[in-house]
Amino acid sequence: MEPGESLWGIAQSLDPSADPRDVIAQIVDLNQLHSSDVQSGQRLALPSQYAK
């Protein structure tokens, strides 16, 4: 995560046609996060369907 980035923004950039809440839920589950709060510099795994 870069300063100023949010899971909402990442979710929208990964799949602009999807509901960002669904993508965020996938990221939270995959990374075993307790909430959608993340820190600058934190590394996150992304769901494989969004791999480029």
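Guide: Here is a walk around helix 2 and the stretch that comes after it. Keep in mind that this is a predicted model.

Helix 2 spans 20–30, and its buried residues are Pro20, Val23, Ile24, Ile27 and Val28. These five sit on the same side of helix 2, because they cover an arc of only 140 degrees around the axis.

What do the buried residues of helix 2 pack against? That would be helix 1, residues 7–14. The two axes come within 9 Å and cross at roughly 110 degrees. That falls in the 65 to 115 range, so helix 1 and helix 2 count as roughly perpendicular to each other. Helix 1 brings Leu7, Trp8, Ile10, Ala11, Gln12 and Leu14 to the contact, while helix 2 brings Pro20, Arg21, Val23, Ile24, Ile27 and Val28. By type, the residues of this contact split into 10 nonpolar, 1 polar and 1 charged.

Now for the way out. After helix 2 comes Gln32, with a positive phi near 50 degrees. Ser35 also lies in the segment after helix 2. Its relative accessible area is 31%, so Ser35 is partly exposed. The side chain of Ser35 reaches the backbone nitrogen of Asp37 at 3.1 Å.

Definitions and conventions: Residues numbered from 1 in each chain as written. Predicted model: local features only at pLDDT ≥ 70, side-chain atom pairs only at ≥ 80, totals over all residues. Heavy atoms only, no water. Helix = DSSP H or I, 4+ residues; strand = E, 2+ residues; numbered from the N terminus. Buried < 20%, exposed > 50% of the residue type's maximum accessible area, 1.4 Å probe, protein only. Polar contact = N/O pair within 3.5 Å; in protein donor to acceptor, adjacent residues only side chain to side chain. Arc of directions from axis to C-beta. Contact = heavy atoms within 4.5 Å. Axes fitted to C-alpha atoms, helices over the stretch in contact; angles between N-to-C directions. Parallel < 35°, antiparallel > 145°, perpendicular 65-115°, else oblique. Nonpolar A, V, L, I, M, F, W, Y, C, P; charged D, E, K, R; others polar.
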